[in-house]
Amino acid sequence: MSRLVIDPVSRIEGHLRVEVQVDGGQVTEAYASSTMWRGIETILTGRDPRDAWLFAQRICGVCTSVHALASVRAVEDAVGAVPPLNARLLRDLIATSLCVHDHVVHFYHLQALDWVDPTAALAADPARAAALAQSISDYPRSTAGLFASVQTRLKVFLESGKIGPFTNGYWGHPAYRLSPELNLIAFSHYLDALDFQREYIRVHALLGGKNPHPQTYVVGGMASPIDLNSQDAINANTLQEVAQILQRGLDFVEQVFLPDLQAIGAAYPEWTTYGRGLGSYMVFGDYSLSPPGIARPPRDGLFPGGIIRNGNLAAKPEPFDPSGIAESVAHSWFRYDDPGAALPPWKGETTPQYTGPEPPFEQLDVAGKYTWLKAPRYQGAAMEVGPVARMLVGYTSGDARIRPLVQGALDALRLPPEALMSTLGRVLARGLETRLMAQYSLELVNRLRDNVAGGDLAVADTGRWRPTSWPEGTLLGVGFHEAPRGSLSHWVVIEGGRIRNYQAVVPTTWNASPRDAAGNPGAYEAALVGTPVADPQRPLEILRTLHSFDPCMACAAHLYDAEGRDIIEVRVQ
Amino acid sequence: MTSETGRPLSARLADAGVDRRSFLKFCAGITATLALPAQLAPKVAYALDKVDRPTVIWLEFQDCAGDSEAFLRSRNPSAADLILGMISLDYHETVMAASGTAAEKARDDAVAKGGHLVVVEGSIPTGIPGACTVGGKSAEEILRAAVRGAAGIINVGTCSAFGGIPAAGPNPTGAVRVEDVVGGVPVVNLTGCPVNADNLTATIVHQLTFGEFPARDRFGRPLFAYGERIHDTCQRRGHFDAGEFAEQWGDAGHRKGWCLYRLGCKGPSTFHNCPSVRFNGGTSWPVAAGHGCVGCSEPGFWDTMSPFYDRLPHVATSGFDLTADKIGVGVLAATATGFAAHGVGKVVQHRVAAHHEKQAARDRAADAADTAATADTAATADTAATADTAATADHEAPIGKAHTDAETGEAE
């Protein structure tokens, strides 16, 4: 039995360390540690709530804009601002296009190298690769000439001796199993996806000035004016261009992403059994356009909310109840007055307390505190969140869009629904969700055009802009969002027109959670158990399972300042 | 110098499907971005053709990966062309294949050879070293080791250049900028939140072509990108001069592209080429899209430029309100001082609180007399216009040697 440390875990956002026990060629115990935090919530305390989204957005530059959305929803919920329909459509357009972009980047640039060995592509026959690619999709770039030129490029690169980001990769590892042709196709699409993502995300620049970090949200709506006939607002041309980009996105997802997923997945069937983990899933629900669904979990959204427990896919999901969320710090570098307590976000209590070993260190004390993440729990239970949770909750709810989408994929792969609860299941679910979002984004742009053509030009509820227009007393707000990596919530307490407490409970905090006071592991820790490890020096299989969650550690690492005590002291000075 | 394969960059790019004509066009474009005379384009092309792919180590500390994402959005050349053709990106946690010890070995081997460029994203938590570790080592330790023998440091984004959001008040981790931890090699600060990928590419090309970073201002920012204020090149500037201001989100003025100054735009005290270079392949930039500039390329902007929706003259810089014609100078001086005083966060937090009381009072007054607001439009425009000259003069005077000049700034 040996302790294996992987740090840094690369091809993720942020700083993740895992320590695992390996016994008999497989993982028997795993600990996930987030090794960086900045304290953005503390920094937010005392500030103008209307500024919050700008700070909160900087929680992450990968899933950029999701924190802006959750943040602005939280403040609107607290002050009673209701964004008009145009603003809700624009926000959902930014969010759906982000989701498509993020999932494509994740698959090709953060995950594919776990399944694809580019060095093996040198042995491929470009003509056979073209024939194979054409047999699974009608993507126009699947030609022998193109594959030959990609192969030449790759050869020159690999032979240069300077292979940059591919240096020391686990090339030739026995767990790689694709044919040379499939490796060549996948590497070619790795490059195509780099170009695709750059062009696709121009949607954010067109609607919000730039990406990452689009600069267009305001409390009450959006800062992007809209007028089909103005040259200085989102106009008919902008929407036409957005629609064209979104259509190309849908084409890419259907012609490249999903076929690749299916081909790669088919080569690794045992990975539909590894990496199951908790088997409990949570979805808040999102993408409702009806006005009451701004902040509170929507009941009629594109994604239905719900809870699945212990792998039970036979029953309908339980409804999600926001009051079920509470967090423990038993194994986190924070101190609670009552160390065993689990506190709900609005009443969260925080004192950072780093008790880990002073760097440089070899090993963490996993029996004690070992991460900058708290342990969020739903009614005491650890939950997995993300695309697979959304697809499973939609599927078991009998949702009219999601159920047939999932069933179709399962039938094509001859898999039971339980297969989704696995490493490869997460990857597949992400692909299905990408198609759903790519389709839905086109519906949104059409609806926006129709609404504006009808004469509605409002983009913001300006009646609640000035803090003097806000209700008196202590205001509580929460913003829910189904972000690409899962269920995201921002919680704000406002007093006297400024932020008294701010907290974000984010998808990766749920999934990368440490053990709680009762010793129950989080989703990563549970999913890694049972993962095979052929060569501890090259832990490729562990990366497969970790990457299937799409870790986003900067999002996850938070500092919660419950009562703003530090700030009050400062004011007294 | 010859390339590692004995073949010029243009030939290697040709392998990648980039023809000679496109290569020359790219060189001409970069020359223009760098604000160099067009006649220098052939020199850029000649130099690039000869250069060996330099080793680049990209380190992430207290960051959000936003600058890495911006890098992936590079166009002309694309990220693929950069990674496969122009540089050797031997360490970048977000994109590299290897993890754990294999990843660390790639970094250490690259550093051992020397002459590499170190790109840094994120700030350094000197107050709590355990607040950012990679492979069990602290950010400071990794940074110190990585710059040994380096040809230069490129700080991408405001966090590594100025401390950024982790250093915003009350700076819970004691976050500092890279230059507070290491020195002794040339440093260039490509500020912004996130960095503009075009400015990053241009800076790398300049280094490859001329063997040094471009000329910089006293904050280490290249003048080609940060030599002019946003306000001076803004597409809405004509409306500012004409006294035409958007007053509320989505109103008629907003829809007509009027000036966003009254909605809090910080363009008059922000130095950046956003209006000309724009983002995402020249698609747009925040002011074009309808939201004011927040000043993200300025030191300490999270504290000095916020509340972001207040009009610029009311920004609290040193406990009292400055008029528009002092603001450019005031912000720069206040933030230079802030570098030295790590306790600045608490002071700022205090100011934020104090400011808030004043703002609430102002809002009540504004609610009562909304019509008066329109009347002062012209006057505001005049004072802010005067500000332009003062701020620019102050900005352009000291150039080069970023670190020492910033320290000189403390005395101001």
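1. In this note, helices are DSSP runs of H or I with at least four residues, and strands are DSSP runs of E with at least two, both numbered from the N terminus. The structure under discussion is a predicted model. With these terms in hand, the position of B:Pro307 can be stated: this residue lies in the loop between helix 16 (301-304) and helix 17 (324-340) of chain B. The peptide bond that joins B:Ser306 to B:Pro307 is cis, with omega at about 0°.

2. Chain A also contains a cis peptide bond, which runs from A:Asn211 to A:Pro212 and has omega near 0°. A:Pro212 belongs to the loop between helix 8 (202-208) and strand 4 (217-218) of chain A. The student may wish to locate both proline residues in the structure, A:Pro212 in its loop of chain A and B:Pro307 in its loop of chain B.

3. The chain has 412 residues, and 64% of them count as buried. Its accessible surface amounts to about 13100 Å², and carbon and sulfur atoms account for 57% of that area. Of the contacts in chain B between residues at least 6 apart in sequence, 75% link residues at least 24 apart.

4. Leaving aside residues up to four places away in sequence, B:Ala146 touches B:Leu59, B:Val111, B:His116 and B:Val118. The C-alpha atoms of B:Ala146 and B:Trp58 are 9.7 Å apart in space, while the two residues are 88 residues apart in sequence.

5. B:Arg221 and B:Ala288 are 67 residues apart in sequence, and the distance between their C-alpha atoms is 24 Å.

6. Two residues of chain B call for attention on account of their backbone angles. B:Ala65 has a phi near 70°, a positive value in a residue that is not glycine. It is placed in the loop between strand 1 (55-60) and helix 4 (66-72) of chain B, and at 0% relative accessibility B:Ala65 counts as buried. B:Asn171, likewise not a glycine, has a positive phi of about 45°. B:Asn171 is found in the loop between helix 8 (158-162) and strand 8 (175-176) of chain B. The relative accessible area of B:Asn171 is 10%, so this residue is buried.

7. The packing of helices in chain A may be considered next. Helix 7 (residues 180-200) and helix 9 (residues 236-267) of chain A pack at an angle of about 155°, and their axes are 11 Å apart. Angles over 145 degrees count as roughly antiparallel, so helix 7 of chain A is roughly antiparallel to helix 9 of chain A. The crossing of helix 7 of chain A with helix 9 of chain A is left-handed. Residues in this contact include A:Leu182, A:Ile185 and A:Phe196 of helix 7 and A:Leu246, A:Phe252 and A:Val256 of helix 9 of chain A. By class, the residues of this contact comprise 12 nonpolar, two polar and four charged.

8. A further helix pair in chain A is formed by helix 4 (residues 85-111) and helix 12 (residues 423-453), whose axes come within 8 Å and cross at roughly 150°. Helix 4 and helix 12 of chain A are therefore roughly antiparallel to each other. Their crossing is left-handed. The contact of helix 4 with helix 12 of chain A has 16 nonpolar, eight polar and four charged residues.

9. How do helix 2 and helix 9 of chain B lie, roughly parallel or roughly perpendicular? The axes of helix 2 (residues 20-33) and helix 9 (residues 197-210) of chain B come within 10 Å and cross at roughly 100°. That angle makes helix 2 of chain B roughly perpendicular to helix 9 of chain B. In this contact, B:Phe26, B:Ile30 and B:Thr33 of helix 2 meet B:Asp198, B:Asn199, B:Thr201, B:Ala202 and B:Val205 of helix 9 of chain B. The residues in contact are four nonpolar, three polar and one charged.

Conventions:
Residues numbered from 1 in each chain as written. Chains lettered and ligands numbered in written order. Predicted model: local features only at pLDDT ≥ 70, side-chain atom pairs only at ≥ 80, totals over all residues. Heavy atoms only, no water. Buried < 20%, exposed > 50% of the residue type's maximum accessible area, 1.4 Å probe, protein only. Contact = heavy atoms within 4.5 Å. Areas by Shrake-Rupley, 256 points an atom, 1.4 Å probe, with all protein chains shown as cover. Axes fitted to C-alpha atoms, helices over the stretch in contact; angles between N-to-C directions. Parallel < 35°, antiparallel > 145°, perpendicular 65-115°, else oblique. Left-handed = near helix turned anticlockwise from the far one by under 90°. Nonpolar A, V, L, I, M, F, W, Y, C, P; charged D, E, K, R; others polar.
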